Amino acid sequence: KTRIGDFCALLTGNPFDSSQFTESGIRLMRGMNIKRGVLDFSEGNNRYWKNDDGLEKYHLKANDIVISMDGSLVGRSYSMVSEEQLPLLLVQRVTRIRTERANIHYVYHYIASGAFNNYVDIKKTAGAIPHISLKDIANFTIPVPDIQIQDQIALILDRFDTLCNDITTGLPAEIAARTKQYEYY
């Protein structure tokens, strides 16, 4: 196993001043937007920054993994950014994971496997608001097989995830169609 900090670029966000949030501009990626494998940008959760002057390094990209570092669900609040959700600026107490030295989907699926949750349960602070540090995330170990094996694992798990969760083509769509058919008859 290899420490994730040894083959991934980790970054925590900028400490944006909440008194300067705006009604429009560039949406901020905050911990409250990250929910157990999905990103929640419902209107009540959105905060914006006027522009990105001097903040270029905090721009998120598609396939970046984001992890909330605080809260009762610390270790369980992670997700992957999609192209449709951009542009986003990374906020303090959220970690971004990016790599070109491994298949990012493989890394994501390993984090989602439960191993990360178990690791965080041991490492998190026990205060009123549990949290983990960037160092804790960097020290999380992951098996790193050859890239061809990572690609195969990621492809299978991506397909399985789509089958189980996609509301237009996966099982939820099939269940909805069968329910509608059942109600018709």
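Is D70 buried, partly exposed or exposed? At 27% relative accessibility, D70 counts as partly exposed; here buried means under 20% relative accessible area, exposed over 50%, and partly exposed in between (1.4 Å probe, protein chains only). The views below come from a predicted model, in which local features need pLDDT of at least 70, side-chain atom pairs count only at pLDDT 80 or more, and totals for chains, interfaces and linings use all residues. Residues are numbered from 1 along each chain as its sequence is written, and side-chain values use heavy atoms, with hydrogens and water left out.

**View A. The salt bridge between R93 and D70.**
Let's stay with D70 for a moment. Its partner is R93, and the closest N and O atoms of the two are 3.0 Å apart. A salt bridge here is a side-chain nitrogen of Lys or Arg within 4 Å of a carboxyl oxygen of Asp or Glu. The pair ties together distant parts of the chain, 23 residues apart: R93 sits in the loop between β9 (88-90) and β10 (94-98), and D70 in the loop between β7 and β8. Helices (H or I, at least four residues) and strands (E, at least two) are DSSP runs, numbered from the N terminus. R93 is partly exposed too, with a relative accessible area of 28%.

**View B. Other salt bridges, among them R3 with D6 and D121 with K124.**
The structure holds six salt bridges. Side chains of opposite charge can pair when their charged atoms come close. For R3 and D6, the closest N and O atoms are 3.1 Å apart; R3 is partly exposed at 31%, as is D6 at 38%. D121 and K124 meet at 3.5 Å, N to O. Bridges with shared partners join R76, D121 and K124 into one network.

**View C. The largest pocket, with a volume of about 580 Å³.**
On a 1 Å grid over the protein atoms alone, a pocket is an open set of points where a 1.4 Å probe fits, with protein on both sides within 12 Å along at least five of seven lines; lining residues have an atom within 4 Å of a point. Grid points are joined across faces, edges and corners, and a volume is the space filled by probe spheres set on the points. Of the 21 lining residues, G37, S79, M80, Y108 and D161 are the closest to the pocket's centre. Helix α4 gives the largest share of the lining, six residues. By class, the lining has eight nonpolar, nine polar and four charged residues. Ala, Val, Leu, Ile, Met, Phe, Trp, Tyr, Cys and Pro count as nonpolar, Asp, Glu, Lys and Arg as charged, and the others, Gly among them, as polar.

**View D. The second largest pocket, holding about 160 Å³ of space.**
D70 returns here: with R30, G31, M32 and S68, D70 is among the closest to the centre of the 13 residues that line this pocket. The lining has five nonpolar, four polar and four charged residues.

C8 and I97 are 89 residues apart in sequence and 6.3 Å apart in space, C-alpha to C-alpha.
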